[in-house]
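Subject: The structure, and what turned up in it

Hello,

Here is the structure for you to open alongside this note. Have a look at it first, and then read on for what I found.

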Amino acid sequence: MANITYLKNSEINKSKWDYCIAMSENGLIYSTSIFLDNMATNWDALVLDDYLAVMPLPFRKKYDIFYIYPPPFSQQIGITGTIKITDDLIHHFLKNIPAKFRYVEMNFNTANICILKNEKQRNNYYLSLAPLFEILQKGFSRSALRNVKKAVDENITVQENIATEEIIQMHRHRFHDKVGANTEDYSRLQKLFLNLQSSGMLFTIGAFNLDKKLIAGSIYFAYKNRITFIINGNTNESLQNGATHLLMHNTIKKYSGNDCILDFEGSDFEDFVRFYKQYGAIAETYKLIKINRLPWPISLLKK
């Protein structure tokens, strides 16, 4: 029988926690303590034995009801371990979520394979960067190559180490906070970026026009062997001259030939999917699970 313990945040050994995430094949940055400390309002955890496998429990409280939720800008969390995550182990973890959490909404990671009630498949897209760039480029679409040429012809230049605040500002200006994040979420994200930057776990890149004005920028997490496309900022000018395509082109070129993965951080929005596929991205799925323990009639609202 799996020995799973519920730990409050103050009881978690963060060193052992992060070691588990770092040593796990399915260890993603969203489950590290630095991400959760910055992006989750609160978080406790379930831990198997001496941190053989872990599951974060990011939570909030509303109207005296505790509920587990996906922190902003987190894609896949779920269960991470240095041992195989079996169907039985997944069910043991779920059974050990304390009863005080009356509602659970959580994105599992791609290694958490099982059949559950109230699950929904979600899509992610990735590209292996192991091949040399000349080989990867053969998988780019004509549209992507055409946009890159347009950017080069218009003398768009690219620089790295762009201030994250500028890229966030462009992103918010374009989407007007309609992507499920608010001012507090972006404030948390900026603090996370600053912490990751000092640890060498962040990559930023920007495109400039002839007037040396930043017109597009991208921010990536760089954790283990995964380069994760977390946020992009655009101006109307960049959408016309191919600057965003040039940024992706240069990022793939920078990391190509290495044993790493470009994680596009997937989406179910067709426009984003089209952009990822222009670079030969491969689809994979993960699960969104929901557990509704809310009292009637509140439980009906969540249906």
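Does Asp64 count as buried or exposed? Asp64 counts as exposed, because its relative accessibility is 65%, above the 50% that marks an exposed residue. Before you go further, please keep in mind that this is a predicted model.

Asp64 has a charged partner: its side chain meets that of Lys61 in a salt bridge, at 3.7 Å from N to O. Lys61 itself is partly exposed, at 49% relative accessibility.

The overall picture

The protein chain contains eleven helices and 13 strands. Its radius of gyration is 20 Å, which agrees with the value near 19 Å that a compact globule of 303 residues would have. Along the principal axes, the C-alpha atoms fill a box of roughly 60 × 40 × 35 Å. Buried residues account for 51% of the 303 residues. The chain exposes about 15,200 Å², and carbon and sulfur atoms supply 51% of that area.

Contacts across the sequence are worth a look too. Taking contacts between residues at least 6 apart in sequence, 75% join residues at least 24 apart. As for charge, there are 36 positive and 30 negative charges, and their mean positions lie 5 Å apart.

Salt bridges

The structure holds ten salt bridges, including the Lys61 and Asp64 pair described above.

Lys16 pairs with Asp50, with 3.0 Å between the closest N and O atoms. This pair links distant parts of the chain: Lys16 sits in helix α1 (residues 14-23), while Asp50 is in the loop between β2 (42-48) and β3 (53-62), 34 residues apart. Lys16 is partly exposed, with a relative accessible area of 37%.

Lys287 and Glu119 form another salt bridge, at 2.9 Å from N to O. These two also connect distant parts of the chain, with Lys287 in strand β13 (residues 282-292) and Glu119 in strand β7 (residues 119-128), 168 residues apart. Lys287 counts as buried because its relative accessibility is 9%, which is under the 20% cut-off. Glu119, in contrast, is partly exposed at 28%. There is also a network in which salt bridges with shared partners join Arg226, Asp263 and Glu284.

A buried threonine

Thr228 lies in strand β11 (residues 226-234). With a relative accessibility of 3%, Thr228 counts as buried. What is Thr228 in contact with, leaving aside its neighbours within four places in sequence? The residues are Tyr30, Ile219, Tyr220, Phe221, Asp263 and Glu265.

Two backbone angles to check

Most residues other than glycine have a negative phi. Tyr51 has a positive one, near 65°. Tyr51 is in the loop between β2 and β3, and it is buried, with a relative accessible area of 10%. Lys212 also has a positive phi, near 65°. Lys212 is found in the loop between β9 (202-208) and β10 (214-223). Is Lys212 buried or exposed? Lys212 counts as exposed, at 70% relative accessibility.

Happy browsing, and do write back with any questions.

Best wishes

Technical notes: Residues are numbered from 1 along each chain as its sequence is written. This is a predicted model: local features need pLDDT of at least 70, side-chain atom pairs count only at pLDDT 80 or more; totals for chains, interfaces and linings use all residues. Side-chain values use heavy atoms; hydrogens and water are left out. Helices (H or I, at least four residues) and strands (E, at least two) are DSSP runs, numbered from the N terminus. The radius of gyration is taken over C-alpha atoms; the globule rule is 2.2 Å times the number of residues to the power 0.38. Buried means under 20% relative accessible area, exposed over 50%, partly exposed in between (1.4 Å probe, protein chains only). Contact means heavy atoms within 4.5 Å. Accessible areas come from the Shrake-Rupley method with a 1.4 Å probe; for residues, only the protein chains shown count as cover. Lys and Arg count as positive and Asp and Glu as negative; His and the chain ends are not counted. The place of a charge is taken as NZ of Lys, CZ of Arg, CG of Asp or CD of Glu. A salt bridge is a side-chain nitrogen of Lys or Arg within 4 Å of a carboxyl oxygen of Asp or Glu.
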